Amino acid sequence: MRSIFDITISELETLLVSENFKKYNATQVFEGIYKKQVNSFSEINNISKELKIYLEENFKIDKLEVLEKLESSDTIKYLLLIDNASIECVLMKHNYGNSLCISTQVGCNMGCAFCESGTLKKIRNLSVSEIVLQVITIEKINNIKLDNIVIMGIGEPFDNYDNLIKAIDIFTTNKGMNIGSRRITVSTCGLVPKIKSFALLKTQVNLAISLHASNDKIRNKLMPINKLYNIKEVMEAIDYYIDKTNRKVTIEYILLDGINDSLDNARELANLVKGKLVYVNLIPYNATSHSEFKRCDKEKIDRFYKELITLNVNAIVRREMGKGIKGACGQLRASYEKKDI
Ligand code: SF4
């Protein structure tokens with residue numbers, strides 16, 4: 001049976017009209033499911049008995065089971081069971097509100113060398129409902145309303161493009177969850193054709209590009225996707241995106257000790273982003289026990305950051321969250337799958 005969380009409002013309107021219900025019934029169902037977060041269709045008071053029966057016969061209101069939960073003062077990391085597989089999502093409590101980082105695939109095929117998620121190959125894409133249900137599940141069990149959604153958990157979102165776009169539609173519809181587009185961020189490792197398609201949608205959703213290197217030699221070693229779409233092509237796609245949307249793009253840059261953290265690297269990076277409507281998010285690396293990379297010390301991070309600022313680059317060092325609770329992306333799932341928690 002199909003999950004009710006798989007369907008967008010316009011798809012539900014079309015479906016209900018074709019079944020001789022009214023178009024506005026879709027709004028009533030969405031308000032019941034997303035605003036009141038009912039657990040059964042019978043709890044939606046303002047719809048007819050016939051519609052309740054139709055929904056019960058054709059849709060399920062499913063939920064995700066929590067397999068593991070790791071908590072620190074500002075972060076809760078969840079491992080969720082999805083149809084015999086597991087995925088991670090991370091609730092972060094900022095002073096400006098609650099953010100949830102969600103996954104889009106079971107595993108990831110992009111193979112970024114520094115990423116724990118990439119050690120477990122992609123098994124499959126998440127369905128629309130599995131993306132949406134991460135948000136619903138975390139809101140329900142914590143009795144909270146999320147302020148921000150960050151789509152940079154396990155998987156490459158643009159490698160599951162169609163389901164991602166539908167999930168964003170569901171997140172943002174004012175008849176349902178009504179999360180502002182500007183409160184959603186999608187992060188990609190640089191799938192150029194999809195960045196361009198996303199630009200043409202002209203949403204207000206924030207785009208983050210995982211660059212992590214200042215030249216192709218380093219990026220080829222860190223991110224195999226660079227052999228398909230090199231830095232020049234990614235930068236052109238960023239220009240295209242900014243041209244179409246007039247939205248600022250975030251450049252993600254993980255600082256890895258002795259790999260991409262020199263002053264020359266900072267200058268190369270400044271050259272790449274010069275004159276573009278971007279800001280650079282410097283991310284101190286969260287080392288794992290078996291990782292080949294090391295974290296830069298604070299002096300190196302400061303030196304890199306100050307060089308960017310001197311060169312008039314808009315940059316920040318990301319505040320770290322979730323340290324000590326398998327904070328790196330995919331770490332909880334990787335340790336669970338490898339059964340060494
Ligand atoms: S960083 Fe993102 S794209 Fe790269 S392997 Fe990890 S999950 Fe995949």
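Biologist: What is Phe114 in contact with, leaving aside its neighbours within four places in sequence?
Modeller: Phe114 touches His212, Leu222, Met223, Ile254, Leu256, Tyr285 and Phe293, where contact means heavy atoms within 4.5 Å. Keep in mind that this is a predicted model, where local features need pLDDT of at least 70, side-chain atom pairs count only at pLDDT 80 or more, and totals for chains, interfaces and linings use all residues. Residues are numbered from 1 along each chain as its sequence is written, and side-chain values use heavy atoms, with hydrogens and water left out.

Biologist: How many residues are in the largest nonpolar core?
Modeller: 105 residues, and Phe114, Val132, Phe171 and Leu308 have the most contacts inside it. Such a core is a set of buried Ala, Val, Leu, Ile, Met, Phe, Trp, Tyr and Cys residues joined through side-chain atoms within 4.5 Å.

Biologist: Which domains does this core draw on?
Modeller: At least three residues come from each of domain 1 (2-60) and domain 2 (65-337); the bounds are from an automatic or database domain assignment.

Biologist: New topic: is Val313 buried or exposed?
Modeller: Buried, at 8% relative accessible area. Buried means under 20%, exposed over 50%, partly exposed in between (1.4 Å probe, protein chains only).

Biologist: And where does Val313 lie?
Modeller: In the loop between H10 and strand E14 (315-317). Helices (H or I, at least four residues) and strands (E, at least two) are DSSP runs, numbered from the N terminus.

Biologist: What does Val313 contact, leaving aside its neighbours within four places in sequence?
Modeller: Ala270, Val273, Val280 and Leu308.
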